[in-house]
Structures are given as C-alpha cells and as structure tokens.
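The sequence and structure are shown first.

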Amino acid sequence: MINKNLQNQVTIIILATDEETILENTVKVILDENKEYICEICIITPDRVSKGCLDTIKKIKFLFGSKISHQYQPSEYPGYGGASIYGISLVKTDYFIFLDADGETDPFEVKNLIYNLENTSNDIISCSRWLSSNWVNQYGVINYILNWIFQKFTSLLYFSNLTDYTVGYRIYPTRTMKEMNLKNLNQSFSLETILIPIRKGLKIKEIPYKFIKRTEGQSENTIINKLKYIKTLFECRFRKL
C-alpha cells in the first residue's frame with residue numbers, strides 16, 4: 001500500500017463573507033479530528049465581509065492561535081475564483097483543501113480526504129454528491145436534473161468516469177496546482193480545478209459525501225454564474241496546456 005506522510009502538510013483554505021456559527025463549527029471540527037495533519041487554516045474574506053464574520057474570525061484566532069490566519073482578498077484577485085487562486089498562492093504545505101464557510105462542504109469529510117490520499121497512489125481525492133444517498137431534497141428537483149445532465153455531458157466530453165465535476169471539495173497537491181495557470185475568476189473555478197488535472201493525466205479518486213444546503217450566509221452562485229460553467233467546460237477542453 002502507498003503511504004504518503006501528510007502530517008503537518010495540509011493547508012485548509014476557507015472562503016468566508018458573512019458566515020459566523022457554521023464557520024466556527026467548521027474550524028473546530030477540522031482541528032478536533034485532524035490536528036496532526038493541519039498546518040494552517042487560512043480564512044480569506046472580501047472587503048465587504050460582515051462584522052459578525054470578522055468577530056467570529058477573531059474568536060477562532062484566539063481559540064486556535066497560530067493555526068489560523070486571516071487574509072483579505074486583494075483587488076487584483078476578484079470573485080470566487082480570484083480568492084481561490086490567491087489562496088493557493090499562500091499555501092506552503094504539500095497539499096491543500098478548499099472548504100466553504102457555509103456548511104455545504106461537510107468538515108467531517110476532511111478526515112476521509114486525507115486518509116484516501118495518504119493511503120493510495122492517487123494525486124487528487126474529490127468528493128462526489130452522486131456517490132452518496134439521494135440529495136434531491138437539499139438541491140431541488142430542477143437543479144438536480146440539470147446537474148445530472150451537466151455531469152454526464154462533461155464525462156462524455158472529457159472521456160472521464162468521474163461523477164461530480166462541479167463540487168470543489170477536494171484535496172490537491174500544491175506544487176502541481178500552482179503550475180496549472182488557473183485563470184477562472186468566478187464560481188466555475190471549481191470546474192476548472194478538476195478538468196485541467198484530468199487533461200494533465202492526474203490520478204483522481206472520488207469519495208461520497210453528504211451535501212447539505214447552506215443555512216447561513218447568502219449564495220453568490222447566481223444563474224448567470226452557473227451559465228459560465230458551460231463556457232469554462234469548453235474553454236478547458238480546448239485550452240493549450
């Protein structure tokens with residue numbers, strides 16, 4: 001069995017805007033279950049971050065000290081994708097994981113992501129809603145059907161057997177991802193960060209995770225942003241690597 005040593009070699013990147021209770025609980029769960037693996041939890045916020053979110057971050061930093069860092073999103077890195085690209089540039093460990101502060105990325109799955117990467121020869125471990133139990137009640141029937149169509153079409157276009165390309169809840173190798181010239185500044189960044197690795201021939205394994213609809217904060221993944229996934233789908237397919 002392959003054995004990678006991930007102790008103190010994982011950075012968690014969390015994007016937050018107006019989340020409070022869920023953000024605090026997310027950090028607590030991650031460190032309670034994975035303290036020996038987590039070098040740093042980096043929380044990135046935009047300038048419009050709410051006072052409640054800032055107060056929560058101060059509380060978290062008081063509780064966990066040097067394990068927590070807070071960075072403001074620079075203006076030259078706009079949007080969800082921009083904040084994510086900026087976050088990757090800050091990572092000093094061998095691996096990193098993206099989480100949202102809204103609760104949709106279950107922090108209890110961090111342990112499974114780390115375990116599956118540490119004990120297999122895969123390069124990326126990716127969470128999939130489609131490998132878990134029925135999540136239509138959380139996502140809505142129309143969104144559920146449209147998502148299914150998009151996933152199937154993506155598999156055909158990229159000759160891939162993955163089941164979930166749009167959830168960015170994954171553990172990545174830092175050096176490899178920094179070399180990929182990621183460029184999408186909107187929500188479709190989560191799609192780009194699996195499509196380019198597929199084209200590069202990286203070994204990717206999916207694990208099931210339970211999707212839970214956000215209960216705190218406002219989603220910025222609007223219909224317009226969702227339409228940009230289609231553009232990203234084709235742009236990444238024919239991008240010169």
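A residue is called buried when its relative accessible area is under 20%, exposed when it is over 50%, and partly exposed in between. The model discussed here is predicted. Under this definition Cys42, with a relative accessible area of 4%, is buried, whereas Cys39, at 30%, is partly exposed.

**Cysteines**

Seven strands form an open sheet with mixed pairing, in the order S3-S2-S1-S4-S6-S5-S7. Strand S3 (68–72) and strand S7 (204–208) are the edge strands, each pairing on one side only. On average, neighbouring strands of the sheet are turned by 25 degrees against each other, direction ignored.

| Helix | Strands touched | Direction angle |
|---|---|---|
| H3 (residues 79–90) | S1 (10–15), S2 (38–45), S3, S4 (95–100) | about 155 degrees with S1 |
| H8 (residues 189–200) | S4, S5, S6 (170–173), S7 | about 50 degrees with S6 |

**Strand S5**

Strand S5 (residues 124–128) runs parallel to S7, to which 5 bridges join it. Within this pairing, Cys127 has Ile207 of S7 as its bridge partner. S5 is also joined to S6, in this case by 2 bridges and in antiparallel orientation; Ser126 stands opposite Arg170 in S6.

How many residues of S5 are buried? The number is 5 of 5, and the strand is thus mostly covered. In a regular strand, side chains alternate between the two faces of the sheet. In S5, Ile124, Ser126 and Ser128 lie on one side, with Ile125 and Cys127 on the other; every one of these residues is buried, and both faces of S5 are covered.

**Thr45**

Thr45 is located in strand S2. Is Thr45 buried or exposed? Thr45 counts as buried because its relative accessibility is 0%. Apart from neighbours within four places in sequence, the residues in contact with Thr45 are Ala16, Ile57, His70, Gln71, Tyr72 and Gln73.

How values were computed
Residues numbered from 1 in each chain as written. Predicted model: local features only at pLDDT ≥ 70, side-chain atom pairs only at ≥ 80, totals over all residues. Heavy atoms only, no water. Buried < 20%, exposed > 50% of the residue type's maximum accessible area, 1.4 Å probe, protein only. Pairing = 2+ DSSP bridges. Helix = DSSP H or I, 4+ residues; strand = E, 2+ residues; numbered from the N terminus. Axes fitted to C-alpha atoms, helices over the stretch in contact; angles between N-to-C directions. Contact = heavy atoms within 4.5 Å.
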